[in-house]
Structures are given as C-alpha cells and as structure tokens.
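Subject: Structure for you to look over

Dear colleague,

I am passing on the structure that I mentioned, and below it I have set out what was found. Please read the notes with the coordinates open beside them.

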2 protein chains.
Amino acid sequence: MTDTVNPPSNEPTSRRREATRRKLLDAAAQVFAEEGLDAASVEAICERAGFTRGAFYSNFETKDELFLELAGRVARERVDAVRERVAILEREGGLHDVATDALAIVEQVLDVSGDDRLAILLMSEIRIHALRDSRLGAAYLAQDAEMRASVAQIITDIALAKTLRFRMPADDVARLMLTVWESESVRATMAGLDYEAVCRRTSEELARVAQLVIEQPQP
Amino acid sequence: MTDTVNPPSNEPTSRRREATRRKLLDAAAQVFAEEGLDAASVEAICERAGFTRGAFYSNFETKDELFLELAGRVARERVDAVRERVAILEREGGLHDVATDALAIVEQVLDVSGDDRLAILLMSEIRIHALRDSRLGAAYLAQDAEMRASVAQIITDIALAKTLRFRMPADDVARLMLTVWESESVRATMAGLDYEAVCRRTSEELARVAQLVIEQPQP
DNA sequence: TGTATCGGATACATGAGTGTATCGTAGAGC
DNA sequence: GCTCTACGATACACTCATGTATCCGATACA
C-alpha cells in the first residue's frame with residue numbers, strides 16, 4: 001500500500017540529507033498532531049526540527065507532499081509493529097505462556113499499538129484527510145486491511161493455542177477489535193485522560209468485546 | 001450539553017438577522033465538511049451563503065465562534081432526531097409491526113442518522129477538533145452520551161417487544177452499535193462509495209454486531 | 001591546499017485572509 | 001410618506017505564510 005503514497009524515489013541521497021528529512025518528518029508528525037495539517041505552518045515544522053524553511057524546500061516540494069510521505073511512514077510503522085508481534089508470537093511456539101484469560105487477546109492487540117496521545121491525534125488527522133483525498137483514502141484503507149489481517153492472525157493463533165471458539169470469523173473479530181480500540185482511545189483522549197488511563201479504559205472496553213465474541217462453553 | 005457550547009443568548013434578534021445567521025451556518029456546514037475548519041476561509045463561507053464578509057462579522061465574532069455554534073446545532077439536531085424516533089416507537093405502542101428479524105434493531109438505529117456524505121465529513125471534522133479543544137470535546141462526549149442513551153432506549157424497547165435477550169447491558173450494546181456505525185460509515189465513505197452503498201455496507205456490519213449481541217435461544 | 005558541489009540559511013516578493021472602519025440602504029415604526 | 005436605525009456591503013490596512021532566488025559554508029576530492 002505504501003507505494004500508493006510513496007513512489008520509490010531512486011535518487012541517491014546523502015546520509016546527511018536523509019537525516020534532515022527524518023528530522024523534518026518527526027517534527028511534522030508532532031506539529032500536525034498538535035495543530036492539524038492546515039493550521040500547521042511550514043515555519044513551525046522547521047523551527048521544531050531546528051532548521052529554516054530553506055531546508056524544508058530543499059527536501060520537499062510542498063507541505064502536502066511531506067504529509068503524504070509521513071502518512072506512508074506511519075502506516076508502515078504501525079503495520080510493521082503488528083507484524084513483528086505476530087512473528088514473535090509464532091516464534092514463541094504457540095503462546096503457551098500467555099495468561100489464561102480472554103484478556104490476553106486484548107492485551108496482545110493493545111500492546112501492539114503502543115501509542116501515545118500524539119499518535120492518536122496524528123492518526124485522527126490522517127483519517128480525516130483520507131476522507132477528503134481519495135489517494136490518501138486508498139492508502140488508509142489498505143493499511144487498515146493489513147492491520148486487520150495481522151490482528152486476525154494473532155487472534156487465530158491464540159484461539160488455536162487456547163482452544164477457543166469465536167462467534168464470527170477471525171477477520172470480523174479483528175475488525176471489531178480495531179474499531180473499538182480506535183474509537184475508544186479517541187473518546188478517552190477527548191475526555192482528557194492521561195495516556196495510561198486511556199489505555200486502561202480502552203483495554204476494559206476491548207475486554208468486554210472479547211467476552212462477547214468468544215463462544216462460552218455451555219455447561 | 002449544548003449549553004456548554006452555546007450560552008443562551010438573550011439578545012432580541014430580528015427575524016431577518018436570524019435568517020442570515022442560519023444561512024451562514026448552513027453554508028459553513030458545507031464548506032467545513034468539504035475543506036475543513038482551518039482550510040475554509042470566511043470569504044468562502046460568505047460567498048456560498050450569498051453574503052459578503054460584512055454580514056459575517058456583523059453576526060459572528062470569529063470563524064471559531066461560528067464553528068462552535070454549528071457544532072452545537074449539529075449535536076442538538078442529531079440527538080433530537082434520535083429522541084423523536086424513540087418517541088414515535090413508544091407511541092406506536094411497543095413495536096408490534098416491526099420486522100421479525102434482528103435487523104429491525106439495526107435499521108431503527110440506522111434510519112435515525114439519516115445522514116449524507118457531507119454530514120459524515122462534518123461529524124468527522126467536529127470530532128478531530130473536539131480532540132484538540134477540551135470545550136468542544138466535552139460537548140462532543142455529552143452528545144455521544146445522549147445519543148447512546150436514546151439508542152439504548154430503543155434497543156430496550158425492541159428487546160421487550162420481541163422478548164430478546166442481550167449478552168451485555170443495553171447501554172453497552174448502544175455504544176457498540178454507534179461505534180461500529182460511525183467507523184464503518186467513515187470507512188465506506190473513504191472507499192468512495194455513494195451514500196446508498198455506504199448505508200448498505202454499514203447496515204450489514206451492524207447486522208453482524210446485532211447477531212453477536214443477541215442471545216441466541218439454545219435448542 | 002585549492003576547488004567544486006551539495007545542503008541549508010537568508011532575504012525578498014507575492015498573495016491570501018482577516019478584521020475594522022465607513023458607507024449605503026431597506027424596512028420598521030410613527 | 002418620512003425618518004431612523006439596524007443590517008449588510010465595500011474598501012482598506014495589516015499580518016502572516018508561502019515559495020523562490022540568492023548566498024554562504026562545509027565536506028569531498030584532486
């Protein structure tokens with residue numbers, strides 16, 4: 001999906017240049033999260049990155065281009081993080097040592113998105129622009145699908161290891177989990193909770209959904 | 001909740017003035033949905049409303065003030081729409097004539113939010129600013145809670161009429177329904193579906209949740 | 001050590017949006 | 001029908017962001 005957003009640029013870039021780009025992207029992530037794409041000035045981004053606008057225009061065409069690239073990076077990072085966790089779980093040989101509770105699933109999913117407040121804001125910012133820009137929209141949906149697939153994988157693994165049964169296909173369970181996770185963390189953030197509390201509340205809500213989704217053995 | 005956003009203004013306003021304000025608000029709703037709060041210029045709003053900026057500044061202090069008022073109006077309208085439906089359902093004396101399917105619940109909820117693409121965009125726009133502005137955030141959450149309460153009411157009514165049992169409290173069911181509704185309609189809109197298709201897809205997803213939430217009679 | 005090149009800083013021109021001060025007019029009240 | 005005023009239009013001054021053109025310094029290489 002990311003290639004939808006970032007056509008692989010083959011220009012040989014120096015190490016220094018690469019570092020500058022990274023710093024600018026990092027700074028932009030913060031500023032975009034805090035103020036939003038439109039309200040964020042190029043100036044503000046450069047200031048935070050420790051450069052002047054000259055550096056910016058030497059590295060990016062426009063603010064939009066940078067945003068696009070940032071969105072791609074964020075998507076890649078999230079998906080990679082989830083994938084890595086899946087790999088770890090599988091390498092651990094079938095999750096023998098996870099907690100015995102349905103909550104284990106929840107925590108697995110939650111851990112994956114080890115986000116902070118800013119990350120939640122940034123994702124929301126990307127989301128609304130994805131709603132208006134079809135190119136970004138496609139990328140966003142693709143990332144969403146990949147995440148879902150990976151989470152579904154985890155869920156399947158855990159279910160196998162613990163011989164659980166679900167009331168719907170793993171993919172639907174994953175969708176539901178991710179949906180609830182996103183909207184609940186947004187609501188909790190909105191309520192002004194600190195990040196720890198956000199996690200706690202989201203976790204509780206996810207636990208409820210897990211309870212719902214897992215087929216309870218009928219005595 | 002709306003009074004959090006709109007302290008009741010007691011100034012006697014002329015009918016003409018009221019109409020102007022309404023036109024400006026309507027226009028702003030469109031422009032905000034299309035471009036977002038920050039990208040929307042006061043000029044663009046006025047142009048769409050058929051006024052010049054003079055009219056704007058005669059009626060509102062700033063663009064932000066207008067946005068706040070608009071957010072309040074939208075919240076009020078949504079809640080009222082749901083409430084009205086609840087009232088109708090209750091007046092109809094216990095839903096004797098609804099379809100016999102679990103989907104009935106879904107449709108009840110869905111019908112309520114007779115939104116179009118622009119409304120979805122506008123709600124998303126309000127949402128992200130609610131994430132950054134605590135005042136807006138409180139209002140947003142309050143509206144969310146009211147919606148949930150009303151939907152829970154509907155759900156309870158339907159459940160009674162059809163002697164259904166749920167796997168979780170009605171309030172949690174309502175939360176889940178609304179969450180899925182919002183995020184699914186956003187995803188569908190993002191995919192570029194027309195409004196009818198958005199509704200269809202959202203409806204399907206909600207049906208799945210309903211299936212999940214309703215306690216199936218064990219044969 | 002000299003020089004060429006790349007990357008970033010600085011300075012400046014331009015455009016857009018904002019808010020205010022002032023003006024003109026429609027319509028209510030008498 | 002006249003007047004007065006509230007409402008909205010117009011014009012203008014100001015700010016601020018953008019993007020470009022130019023300049024400067026460091027690093028690589030001869």
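I begin with the DNA: 19 residues lie around DNA strand C, and those that come nearest are T20(A), G54(A), A55(A), V42(B) and Y57(B). Please bear in mind throughout that this is a predicted model. Both protein chains take part in the surface near DNA strand C, where α2 (15-35) and α4 (53-59) of chain A, and α3 (42-49) and α4 (53-59) of chain B, each contribute at least two residues. Of these elements α4(A) gives the most, with 5 residues. Sorted by class, the surface near DNA strand C consists of 4 nonpolar, 9 polar and 6 charged residues.

The largest share of the surface near DNA strand D is that of α4(B), which provides 5 residues, and the surface as a whole is made up of 4 nonpolar, 10 polar and 6 charged residues.

How are the two protein chains related? A rotation of 180°, with 0.0 Å of shift along its axis, superposes chain B on chain A with an RMSD of 0.0 Å, and this is the relation of a two-fold axis. Within chain B, the C-alpha nearest that axis belongs to D38(B), at 2.9 Å from it. Both copies use the same surface, since 100% of the contact residues of chain B recur in chain A.

As for the interface between the chains, 30 residues of chain B are in contact with 30 residues of chain A. On the side of chain B that touches chain A, at least two residues are supplied by each of α7 (117-132), α8 (134-162), α9 (170-190) and α10 (195-213) of chain B, and α9(B) gives the most, with 9 residues. By class, that side of chain B has 14 nonpolar, 9 polar and 7 charged residues.

Two helix contacts inside chain A also deserve a mention. The axes of α5 (residues 63-91) and α8 (residues 134-162) of chain A come within 10 Å and cross at roughly 10°, which makes α5(A) roughly parallel to α8(A). Among the residues that meet here are L68(A), A71(A), V79(A) and V86(A) in α5(A), and L136(A), A139(A), M147(A) and I154(A) in α8(A). The residues of this contact of α5(A) with α8(A) divide into 12 nonpolar, 4 polar and 5 charged.

The second contact is that of α8(A) with α9 (residues 170-190) of chain A, where the helices pack at an angle of about 115° with their axes 8 Å apart; α8(A) is therefore roughly perpendicular to α9(A). The crossing of α8(A) and α9(A) is right-handed. On the side of α8(A) the residues involved include R148(A), V151(A) and I155(A), and they face a group in α9(A) that includes A170(A), V173(A) and L178(A). By class, the contact of α8(A) with α9(A) has 9 nonpolar, 1 polar and 3 charged residues.

With best wishes

Methods: Residues numbered from 1 in each chain as written. Chains lettered and ligands numbered in written order. Predicted model: local features only at pLDDT ≥ 70, side-chain atom pairs only at ≥ 80, totals over all residues. Near = placed C-beta within 6 Å. Helix = DSSP H or I, 4+ residues; strand = E, 2+ residues; numbered from the N terminus. Nonpolar A, V, L, I, M, F, W, Y, C, P; charged D, E, K, R; others polar. Least-squares fit on C-alpha atoms with pLDDT ≥ 70 in both. Contact = placed C-beta atoms within 7 Å. Axes fitted to C-alpha atoms, helices over the stretch in contact; angles between N-to-C directions. Parallel < 35°, antiparallel > 145°, perpendicular 65-115°, else oblique. Left-handed = near helix turned anticlockwise from the far one by under 90°.
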